[in-house]
Amino acid sequence: MLMGLEFAVQKTAVGFLSLHGSCLYNGSKDVRKNAVKCSLAATPSYDSAHHVKLNCKMRSCLDANCYRSDSFALKCKAQSGSICFEEVDDIDRNDWSTETCIVNPQKIKQGRRISKGTPDGHLKRISKGTHDESTSNDILKKLCTKGNLFKAAKLVDVMARQNQIPDFNPCISLIRGLLNIDQVEKAIRVLKTVVMSGGVPDIITHNMCIKGLCKQGKITSAIDILEDMALCGCPPDAITYNTIIRCLTADGKVGKAVRFWKEHLRKGCPPFITTYSLLLDLVFKHCGIVRALEVLNDLAVEGCFPEVVIYNLLINRSCRQGNFEGATLAVYSMTAHGLEPNTITYNTLLHAFCSHGFWDKVNDLLSSMTAHGLEPDAITYNTLLHAFCSHGFWDEVNDLLSSMTAHGLEPDAITYDTLLHAFCSHGFWDEVNDLLSIMSQKSHPPSHITYNTLINGLCKHGHLDRAIDFFDHMVRRKVSPNIITYNTLLRSLFQAGLVDEALQVVEFLVNTSGYASDVTYNVAISGLAKNSRMEKALNLYDEMIGKGFSPDAIACNSLLWGFWRAGKFDIAVDILREMGRRNYDFGSSHYGALIRGLCRSKKFDLAIQVLEVMVSAHIKPDRAIYKAIIEGTADAGMKEEAVVELTGRFFDKKSLSRFN
């Protein structure tokens with residue numbers, strides 16, 4: 001069954017404040033450099049278009065596609081000022097090591113006062129009790145607004161020691177900011193101060209704290225916060241429990257996760273369906289279907305009763321593993337709890353049975369579905385249609401389509417694309433034309449999936465001209481070709497020997513559209529090598545690696561044999577070494593062909609190098625390979641040297657004597 005998904009990406013300009021700074025130490029003093037404030041500003045976008053002169057039809061598409069990119073510039077401005085410090089202990093220095101502090105680079109004299117109006121001056125006066133609560137909260141807001149998170153956290157600590165209540169709103173922002181930079185301990189300290197001061201942090205802030213602790217593996221601390229949430233007026237939600245359960249199961253503590261959920265159900269926790277589903281899914285993943293069903297029954301005793309959606313999840317997981325006995329157990333358990341399978345249950349089982357060719361069970365399942373008063377839906381018909389088309393059951397396909405319309409269901413895009421794929425795969429071009437006409441009459445215009453299916457099928461059967469016709473039709477209907485479309489055409493152009501036209505498409509994809517992928521490069525390299533355009537193929541190979549793409553085994557093989565045919569044996573051996581580094585399978589017979597060919601060409605050094613690559617790939621050379629090297633060196637009057645070389649590097653002299 002063919003299904004397509006489209007994703008739209010929106011680009012958004014954002015602003016941010018840099019929190020990075022640097023420290024300059026002078027003896028026991030802590031001197032701070034300039035703070036940097038950064039903003040992200042968008043620069044004008046630009047358009048570029050590139051015309052590919054393949055032919056009139058392909059040119060119209062390539063002209064219609066242009067590449068737009070938005071560039072952003074990072075603009076930074078420095079601010080300067082002055083501040084002096086009396087003393088800074090080791091703890092303060094660690095806390096402020098990433099803060100942005102404005103300092104005077106002049107030498108600081110011992111005992112000099114802290115400048116008034118600075119955050120540190122305020123901290124000093126607050127600690128001495130000379131600032132009231134209102135003033136302290138004003139300073140706290142300013143620190144949070146400016147992104148001075150560590151100073152703000154320190155200020156909250158000082159206020160707590162002075163029995164001052166910090167303003168809760170900036171504290172919430174402070175906690176989230178600290179968590180975003182992985183300062184979990186500082187965030188938890190601020191959270192506890194807020195709670196002890198009578199504040200009620202919201203559920204999002206609590207969940208962020210628990211997630212931060214779980215990421216650090218501090219599951220006990222995370223559970224402690226969860227236990228305290230209800231006491232402070234913010235009861236945990238499903239996300240809270242899900243985070244804890246994921247953390248426990250990730251550490252392999254599945255049993256502890258189950259006990260955790262049972263305990264909280266007994267304490268009156270609502271039986272969240274998402275948490276219930278997640279727990280059973282993780283139990284299934286780690287322990288299997290039998291244990292998952294046992295846990296399901298245990299939780300039912302605790303008041304967490306199963307639902308059909310839970311069973312559908314377990315049935316789907318079992319079917320994906322091919323565990324039909326487990327799926328059957330889940331169905332029996334479902335009926336034992338008084339639940340009836342729904343359409344999703346039947347569709348899941350139908351898909352699994354069709355995938356494995358259990359046609360008798362398919363018929364039984366359809367009969368059972370009807371007996372329970374459930375009508376097949378579009379998913380049911382498309383599932384069966386895909387299976388029948390894949391196995392060439394054309395009579396059943398016709399019957400299924402008739403039944404579909406008789407039940408008042410119209411074929412959808414998936415139905416048409418499934419049929420088109422099947423017809424194209426078997427070369428039923430008359431049926432393809434009829435189906436396209438029906439789609440037009442039914443107001444089902446072809447999508448990019450439809451066009452890609454048609455173009456791929458036509459190219460595989462050698463109908464390149466007609467594939468280009470559909471390519472042109474695709475563009476004229478403003479259906480944008482994607483990288484799959486271009487790569488399909490590119491492969492067919494190379495196969496047809498239209499190298500220049502293919503290179504124009506490559507040029508368009510690489511330099512203009514930005515669509516080029518690793519598949520594009522691999523297709524182009526293989527095509528060029530097979531058409532003896534080795535210089536261009538090698539250039540693309542180097543360009544591909546330079547852009548971070550990885551050549552696949554097919555491209556490397558094509559390059560190797562291309563250079564081999566061109567008589568450039570040294571380059572071919574270099575590519576063979578690269579294949580060895582990438583652990584690509586080359587095959588014993590191919591190694592033998594290379595070694596024998598090199599020996600015939602008197603390239604004994606290269607033959608030994610190929611033998612080295614072969615041995616390093618854990619492929620044992622056979623008798624014919626050693627014999628080829630010995631006989632080749634004997635003809636050149638170098639037998640003794642070859643025997644010494646082979647004996648010292650590959651095997652003992654006794655084994656080598658068998659080839660003399």
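Predicted model: local features only at pLDDT ≥ 70, side-chain atom pairs only at ≥ 80, totals over all residues.
Helices here are DSSP runs of H or I with at least four residues, numbered from the N terminus. Most of α26 is covered, with 10 of its 13 residues buried. Among these buried residues are Tyr521, Val523, Ile525 and Leu528, along with Asn522, Ser526 and Gly527.

Positive phi values turn up in loops as well. Lys478 has a phi near 60°, a positive value in a residue other than glycine, and it sits in the loop between α23 (464-476) and α24. Its relative accessible area is 75%, so Lys478 is exposed, the cut-off for that being over 50%. Asn583 also has a positive phi near 60° and is likewise not a glycine. This residue belongs to the loop that links α29 (569-581) to α30 (588-600). Asn583 counts as exposed because its relative accessibility is 70%.

Next comes a pair of helices. Two packed helices are described by the angle between their axes and the distance between those axes. For α22 (residues 448-460) and α24 (residues 483-495), the axes come within 10 Å and cross at roughly 10°. Angles under 35 degrees count as roughly parallel, and α22 and α24 are therefore roughly parallel to each other. On the α22 side, the residues that meet α24 are Asn452, Ile455, Asn456 and Cys459. Their partners in α24 are Ile484, Thr485, Thr488, Leu489 and Ser492. Sorted by class, this contact is made of 4 nonpolar and 5 polar residues, with no charged ones.

Ser277 is part of helix α12, which covers residues 273-287. Its relative accessibility is 17%, so Ser277 counts as buried, since the limit is under 20%. The side chain of Ser277 reaches the backbone oxygen of Ile273 at 2.8 Å. Setting aside neighbours within four places in sequence, Ser277 is in contact with Ile310 and Leu313. Tyr311 lies 34 residues away from Ser277 along the chain, yet the C-alpha atoms of the two are separated by 9.3 Å.

Conventions. Residues numbered from 1 in each chain as written. Heavy atoms only, no water. Helix = DSSP H or I, 4+ residues; strand = E, 2+ residues; numbered from the N terminus. Buried < 20%, exposed > 50% of the residue type's maximum accessible area, 1.4 Å probe, protein only. Contact = heavy atoms within 4.5 Å. Polar contact = N/O pair within 3.5 Å; in protein donor to acceptor, adjacent residues only side chain to side chain. Axes fitted to C-alpha atoms, helices over the stretch in contact; angles between N-to-C directions. Parallel < 35°, antiparallel > 145°, perpendicular 65-115°, else oblique. Nonpolar A, V, L, I, M, F, W, Y, C, P; charged D, E, K, R; others polar.
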